[in-house]
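Please read the following report alongside the sequence and the coordinates.

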Amino acid sequence: MVLSAVPRPNSQSGSKMSRQQQQQQRTPLKVTDTVVEVKSKFEAEYRRFAVKKNGPGGFQEFYGLLQTIHQIPGVDVLLGYADVHGDLLPINNDDNFHKAVSSANPLLRIIITKKEDEPVVFGTNSLQRRKKGLGLTGLRTPGAGSTHSKNRTGLMIGMPQNFRQVSSIIDVDILPETHRRVRLHKHGTHKPLGFYIRDGVSVRVTPQGVEKVPGVFISRLVRGGLAESTGLLGVNDEILEVNGIDVAGKSLDQVTDMMVANSHNLIVTVKPANQRNNVMHRGSKTSMGNSGSVGSAGSTGSILSHDSPSPASQSNPITASNSIAEGDSDDEDDDGDIILENDSLMPHDSHQVTDSNNVNLNRDSPTNGPHSSTVVRPLPQSVSLPSSVGASLSDSSMTSNYNRNTAHTASNRQESMREDGTIITL
Amino acid sequence: MMKFRFRRQGTDPQREKIKQELFAFSKTVEHGFPHQPSALAFDPKLQLMAIGTKSGSIKVYGAPGVEFTGLHKDLSAVTQIHFLPGQGRLLSLLDDNTIHLWELVVGASREVGGVKREGVVSLQEVGNYSLPGRPGIESCSATRVTVLLLLRSCDLLCIGTEGGGVYFLDLPRLSLKDTQTLLQDQITQSLPDDHRCGKSLGPVESLQEHPQRAGKILIGYSRGLVVLWDLSTRHAEQLFLGKQQLESLVWERSGSLFVSSHNDGSYSVWPVVSGNTYSHQPASSTIPYGPFPCKAINKILWRTTCTGSPVLLYSGGMQRASYGDRHCLTIQRDKDHVTLDFTSRVIDFFTVHSIEPEKEFDDPSALVVLLEEELVVIDLQTPGWPSLPTPYLAPLHSSAITCSCHISSVPPKLWERVVNAGRAQQGRQRTHRSWPICGGKNRAPPPRQQELLLTGHEDGTVRFWDASGVALTPLYKLSTANIFHTDCDPSDDPQDPSSDPDMQQEEEEWPPFRKVGCFDPYSDDPRLGIQKISLCKYSNRLVVAGTAGQVIVLGLSDDRSAHLVDVSVVDLLQDREGFTWKGHDRLEPRLKPAPFPPGFQPLVLVQCLPPASVTAVALHAEWNLIAFGTSHGFGLFDYHRRNTVLARCTLHPNDSLAMEGPLSRVKSLKKSLRQSFRRIRKSRVSGKKRTIATPTRKIQEANAALAEQEEVAPVQRRIEPRSADDSLSGVVRCLCFADTFLRDGTHHGPTLWAGTNSGSVYAYALEVPGIGLGRACERGGASESSVCVEAVLGKEIQLMHRAPVVSICMLDGRGKPLPDPYEASQDLAIAPDMTNAHSVLIASEEQLKVFSLPKVSAKTKFKLTAHEGCRVRKVALVVFSSTAQEDYSEHTLVCLTNLGDMHLFNIPGLRPQVRYNCIRKEDISGIASCVFTKTGQGFYLISPSEYERFSLSAKVLTEPLCSVQLDRPLEPTPASDGTTTQPQANGTRKNQLGQAEGQTEESLSSLSSPVLDTPLDSPLSCADLTIDSTGEITVEDVRDFLTTVDEAENNLKNISEEEGRPTGILIN
């Protein structure tokens, strides 16, 4: 799984790793190798204890342990730890828990916050000040320090469940190497899709020789738009298909209309103008992936959501054509019409509603795969990423809009339900 | 994967057969007046008239209903047409200097509506010829044809050219008689010495055959010389040494004199006395509108009458300074002198007169004048020379058409009353002469039902047309201007000025102008323009809504009446703050009672505020309700109780554009376009007839250059989803009344539905006293006391894709559209199925979707834009009858897209059935003007003045079926090597040659795969067309289909999983 389009985060995390190794070697061990000292903080209280370094157990175990130690059973909390760079990083699965334990030097500082509280902001540089007080500055290399303080303000890191897939490269295994199929998700985000298309002339190599045919190209990317921030589309990329439908012979206006009509879940197959970044799926097995997702943060070092490609999709290449057929028959999330019903009229039989709800959830879940949770969410929740905050704002303004429309109705019995992948508010 | 499944299944031959019996596309006839006519001809033997246009089409008209159309392969303007009298042949001269021979031939017998029809006559080109250029000489100017003369014997065509030569063509073989060619040198040799000045004689300006002595022709040269040439002896018999620049020549019937007209506005009479070789001076020379400089007399006719003094008819000759810009034609006899003053340029004219050689006089009975925008016929036998109403070729655009509406199967009672109202309108002065052009025989069966086409115009009139047959005949004109107080005199009944000539004629005025014709493109007040029309044919209620937010309810009355119209004002903004209307003011209603002639008389005027243009109306006469929408919201009005039931603002808070009137930005662009077109047209008009070529060519070049430029600098399009605050999102696009289930599944009642530009649909439950009693009882009789109509908001649907809602309609339990008001209650239609659940079909610009009622959940849908890249422009529910089975019919959704395609879908399955290319996608006004009938026909404007009528139904079509009695056999000449492909007129040649002209094999294949270049994986490809092609759709089938959609989808999903296909990624 890969993310050839965004090489930067990769290299960054790599360098981080090597630095950590160096630091670990340099740090004199104060306690025995097998135990990691833990200092956890919840509100104003501190607790100190130790966990085994080799077999610390899973995240759930640790979570339970903390709840007991702090005597807060049943309180939903978020866990964070201070890493060697003074960054506050989240602990919410086995992987990052192990990482936290292994990177303790020697103390593992845990910060516990209530979920209901202000959303905690994880990110690099977030503990800058506190770090100084804790005397961790000495551990940092001077170079790293300068980059932190001068060049970058802290990067925000969101909670994984708050991440929403915004783009992916799909069907890598069935497309020619020169083509790229990009999926842009626009689940009501505030961010514009942000690109323009134009007419142009495309050169095709045919048995008769080189042939010039009219084509449609990306002419411009809007700064800060979805298309630009994913880095998967570029100016002068030729558009070959829109949601599986060949655009050959279609006018610019037709292609525009098709894209707008599909804008909630746009899949464009392009022939990138820059062919150097192509995925070399014949070459290295490791870089072959069906779904790579890229975070949508300000494009300078996004966090990667490490989705493993689903086995099904790897073994069974999806052809464009069958996707269309399904697209036709299926009601996807992009198509939910909102129906507001007035209370003064007779209410519906609620049984039927829940029935269809279940049916549809079942029907949808396989199709949405690992992202179903985010996709299904009627209104994306507030995310720590600055851009997504804007998105959620826009969403809430949308809802308020609808509410305002029906403001004169006595009371809106709002109940979230899904039907045919649509969101229906009663 | 689904697709593969269906492909394996293949197309269902049975379903294909049914589709062939239901659907067939053809463009049948063009109604109205040909756009940009450029030539006129008349066959006095067959009584047929031909009109050529600048787009290269020829239309032949005879008696009402007799029409033939031909289109040249090149789009050059037709500059001249000449009939071969009695033969059913005609010659056309094009702007590109080619001569074409056309013939009326019996077309191949074909099947129309299941009945084999033979002997249908059509117009076909059988040959063409172009003069070869003389070697060494700039070919196009010297041999450029200026005039044609067809001898009475019809075997020789004389061709006058720019270079002064006269060529002779053998007919009908169109071969040049080299030996006979007459060059100028031969003439100059015979000139007296004092007239030889070394200069050429100029182009041949006129060729006229001697009326009595065959073989002698009069040749008029531009510089003034006229020669009487004997064809057999090949020598100049007489020379008439005119010195004034010549425009035209005409013989007197006996051949004893001829008349020449000149470019200084004079005409001269030349006696022809044999033996006198040279005539230096005409017998008389007159400048009728002198003495000040006058414009040329372009054409002159001299017709003798039995009463003695001849009738002189000529066009032009007006005083240059004062009336140089008028388009005039003068009729003169003795003291009678009338200057017909037209609103558009005179193209050509002819008289209908006796042609039998034994008759002594011409005795013209009618004058037919072809103007640029209309055809005017003057009765020359009735004193005062009144104009005759035309049964066809009506100028639809006498004021620009702003909307149209079609009423199928009009009840005879209403028909009669409308016809009577129209008769009363034409008033006292009405000649009883019959239509002079009466050739051919209309063999079309009488229409099974009466059809009305209503057109709304910019000047506030609604015109009622008889659209039952091939000839679109005006029936009645309703003016709404007199309800309002406008700048022009409101009491001035805007009737055809032609109908009362006495008023217009003022004694002291010279020249004695008389306004003739009804083409008047200049509206007094654009706010009067009609935007929407709705007519209830059972209750004779008419709703007309206009540009300034006026909604007028009218009732039909047979008596004259003077009453005050009730006015109600509805504020659609509903106290929304922060909005100020920057558009036009509302129209001020008249304060005094106005006289209303018999016909539709206004009852109530509902004025929307702000006075934005009305964008949708709906009428439910049974409930006495009208609904209307503008760009700000919609309202519901009870015209019986005269109270406003509901006003709802649909504005989005960010919408700023909605506050500007329609007359602001958009209009100004249109206006400037119109102005520039006028300028172009003017530049064409100012030149002489044959110099048309140059500006046209220049324009073409400019267009080509423009096209190239566009390639250099490509257009960009932004890809962004529609957002809520797009401009004009609040525009109400459609309104619909229905008796259906909105509250719950057991009680139905009146509902109102409204759809907006931003994909919102509002559904209101209505309480109409006396209607929906079940509902009232259920409420414990609470509504019994309330006498007012009430509206309660029931549902709001926001389509996720936010595309404008084009149409909303209800489907009953059987999936059939609900009948119109009164139809069910008066047993005029099959009662709707109220026992099973209804559904609502919402067509947006991007998708068609059927939702179940009352729980609005999606049942079926078709995402047209996502698949095809086209957007829905017009939608109609149409009943298609089968040609094979008498009683079989299907309800079909017809959908016109922005690409001009017609897509047909079954309902409620929304499966694509057939698709036809209909309108050119560049023809935006054509697409916008399209209106459908209920039985599968339709109309759209191909020019401001013409409706193209088309048919999607294999059974119901209205097309000219006519025959002509000819002197020759009606078989095509063998010389024509089967080039019988006959493109449609008016530049619509892009369309299906095969399909249009009924070649059975062609239409077969085109049915099974309507558009061959559809990509295979497109959902519209032929393989997918028959997804539910299980033969006849019975009631049970529909119900099954509806209830098992989800199941079917689940099954599909299961299959897909069995096959190991991933379902993880969907491309839609």
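The report begins with the basis of the model and then turns to its parts.

## Basis of the model

This is a predicted model, in which local features need pLDDT of at least 70 and side-chain atom pairs count only at pLDDT 80 or more, while totals for chains, interfaces and linings use all residues. Residues are numbered from 1 along each chain as its sequence is written, chains are lettered from A and ligands numbered from 1 in the order in which they are written, and side-chain values use heavy atoms, with hydrogens and water left out.

## Domains

Domain bounds are taken from an automatic or database domain assignment. For chain A, the assignment gives domain 1 (35-114) and domain 2 (167-277), and the C-alpha centres of these two domains of chain A are 46 Å apart. Chain B is divided into domain 1 (394-486 + 509-649), domain 2 (727-768 + 789-859) and domain 3 (863-952).

## Contact between domains 2 and 3 of chain B

In chain B, the C-alpha centres of domain 2 and domain 3 lie 21 Å apart, and the contact (heavy atoms within 4.5 Å) takes 17 residues from domain 2 of chain B and 17 residues from domain 3 of chain B. Between them the two domains bury about 1,400 Å², 70% of it on carbon and sulfur atoms; buried area here is the accessible area (1.4 Å probe) that two parts lose on being put together, summed over both. Glu845(B), Glu846(B) and Leu848(B) supply 38% of the area that domain 2 of chain B buries against domain 3 of chain B, more than any other three residues.

Three salt bridges are counted between domain 2 of chain B and domain 3 of chain B, a salt bridge being a side-chain nitrogen of Lys or Arg within 4 Å of a carboxyl oxygen of Asp or Glu. Glu845(B) also forms a salt bridge with Arg873(B), with the closest N and O atoms 3.3 Å apart. On the side of domain 2 of chain B that touches domain 3 of chain B, the elements that give two or more residues are strand E55 (805-811), strand E56 (839-844) and strand E57 (847-852) of chain B; strands (E, at least two residues) are DSSP runs, numbered from the N terminus.

An open sheet of four strands has the order E29-E30-E31-E32 (chain B), with antiparallel pairing; two strands pair if DSSP finds at least two bridges between them. Strand E29 (346-352) and strand E32 (387-388) of chain B are the edge strands, each pairing on one side only. E29(B) pairs with strand E30 (residues 366-371) of chain B over six bridges, and Val346(B) stands opposite Leu371(B) in E30(B).

## Backbone geometry

Most residues other than glycine have a negative phi, and most peptide bonds are trans. A cis peptide bond joins Leu609(B) and Pro610(B), with omega about -5°, and Pro610(B) is in the loop between strand E45 (599-609) and strand E46 (616-620) of chain B. The peptide bond from Ile907(B) to Pro908(B) is likewise cis, with omega near 0°, and Pro908(B) is found in the loop between strand E61 (901-906) and strand E62 (912-917) of chain B.
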